Amino acid sequence: MRKNVTLKKVNHASKTSTSIRLPQSITLQIETNTPASTNMTRILIFENYEGRRIELPIKLMRTNSHGLEVTEFPDTLHNLQLLGSLNHRSFWDKIYLKNGVYDTKIHIKRMTLIVHYYKVVGGAVKDIPLLSNTLINRVLANAVSEMYLTPFIERQTLQYAGLTSQNHPAAVMAAKDVGKSGTSDQGYDQ
């Protein structure tokens, strides 16, 4: 017995820049092990598989004696949205927090990093927690130094999905993609 199968035509060309859900802002909160400085500028770095980087300068303000929070992005909304545009998914694979040449060290105890989307497809989550009061216990050294955040983010996204590294590899890979925007084909990254 043969079944009749109706195939739907999928129009892949209909994806336009207006249909892309771009990130609009982030929340970054840091709890320090030592008293926090008052005002400081740092850089969030997103690196793709080729080693190209998109840098987001951020201004941190002290919220209490051991708390820092992003208060503004100095002219970087374009770069944040660039991360969510077509063909930029691999920029989410490596994320760093960077000090500049003259910046003081930060003893980071815990960190929260949430990406906020303005519009999402029906029922999807608008606020993606890459880090959620995650224990870091590392020092971002003074002078030009970087802290690699990706291992902490991957553990957080696995926990967010209710998985561990012992689950099926396909499920683990999918969970590590939570919160990423754009497409991921290496041939399309620009």
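Modeller: Go ahead, and one convention before you start: rings of Phe, Tyr and Trp (its six-membered ring) pair if their centres lie within 6.5 Å, with planes under 30 degrees apart called stacked, over 60 edge-to-face and the rest tilted. Bear in mind that this is a predicted model.

Colleague: Take F46 and W92: what kind of pair are they?

Modeller: Their ring centres are 5.3 Å apart, and the planes meet at 70°. Over 60 degrees is the cut-off that matters here. So the F46 and W92 pair is edge-to-face.

Colleague: And how many residues apart in sequence are the parts that this pair ties together?

Modeller: F46 belongs to strand 2 (residues 39-47), while W92 is in the loop between helix 1 (77-83) and strand 5. F46 is buried at 3% relative accessible area, and W92 is buried too, at 5%. The pair therefore ties together parts whose separation in sequence is 46 residues.

Colleague: How is the pair of Y96 and Y148 classed?

Modeller: The centres of the Y96 and Y148 rings are 5.0 Å apart and the planes are at 35°. Stacked needs under 30 degrees and edge-to-face over 60. That leaves the Y96 and Y148 pair as tilted.

Colleague: Where do those two tyrosines sit, and how far apart are they in residues?

Modeller: This pair links distant parts of the chain, with Y96 in strand 5 and Y148 in strand 8 (residues 146-148). Y96 is buried at 12% relative accessibility, whereas Y148 is partly exposed at 36%.

Colleague: Is E47 buried or exposed?

Modeller: E47 is in strand 2 and touches, among others, R52, R53, D93, K94 and Y96. Its C-alpha is 6.9 Å from that of D93, 46 residues away along the chain. The cut-off for buried is under 20% relative accessible area. E47 has 10%, so call it buried.

Colleague: What about H116, is that buried or exposed?

Modeller: You'll find H116 in strand 6, in contact with residues including P23, Q24, S25, I26 and T27. The relative accessible area of H116 is 18%, so H116 counts as buried.

Colleague: Which elements do the buried residues of helix 2 pack against?

Modeller: Helix 2 spans residues 150-160, and its buried residues are T150, F152, I153, Q156, T157 and L158. After helix 2 comes G162, with a positive phi near 75°. The buried residues of helix 2 pack against strand 5, strand 7 (127-140), strand 8 and helix 3 (169-176).

Colleague: Which residues make up the nonpolar patch on the surface?

Modeller: One member sits in the loop between strand 5 (94-98) and strand 6 (106-117), and this residue, V101, is exposed at 54% relative accessibility. Together the members have about 390 Å² of accessible area. The patch is V101, Y102 and V144.

Colleague: What is the phi of N133?

Modeller: N133 is in strand 7 and is partly exposed at 44% relative accessibility. It is not a glycine, yet its phi is positive, at about 50°.

Colleague: And what is phi for A143?

Modeller: A143 is in the loop between strand 7 and strand 8, and at 36% relative accessibility it counts as partly exposed. Its phi is a positive value in a residue other than glycine, near 65°.

Colleague: To finish with the whole chain, in what order do the elements run?

Modeller: The chain has three helices and eight strands. Of its 190 residues, 37% count as buried. From the N terminus on, the order is β-β-β-β-α-β-β-β-β-α-α.

Definitions and conventions. Residues are numbered from 1 along each chain as its sequence is written. This is a predicted model: local features need pLDDT of at least 70, side-chain atom pairs count only at pLDDT 80 or more; totals for chains, interfaces and linings use all residues. Side-chain values use heavy atoms; hydrogens and water are left out. Helices (H or I, at least four residues) and strands (E, at least two) are DSSP runs, numbered from the N terminus. Buried means under 20% relative accessible area, exposed over 50%, partly exposed in between (1.4 Å probe, protein chains only). Patches are made of residues with over 30% relative accessible area and no salt bridge: like charges are joined within 9 Å, nonpolar side chains (Val, Leu, Ile, Met, Phe, Trp, Tyr) within 5 Å. Accessible areas come from the Shrake-Rupley method with a 1.4 Å probe; for residues, only the protein chains shown count as cover. A salt bridge is a side-chain nitrogen of Lys or Arg within 4 Å of a carboxyl oxygen of Asp or Glu. Contact means heavy atoms within 4.5 Å. Lists of a residue's contacts leave out its neighbours within four places in sequence.
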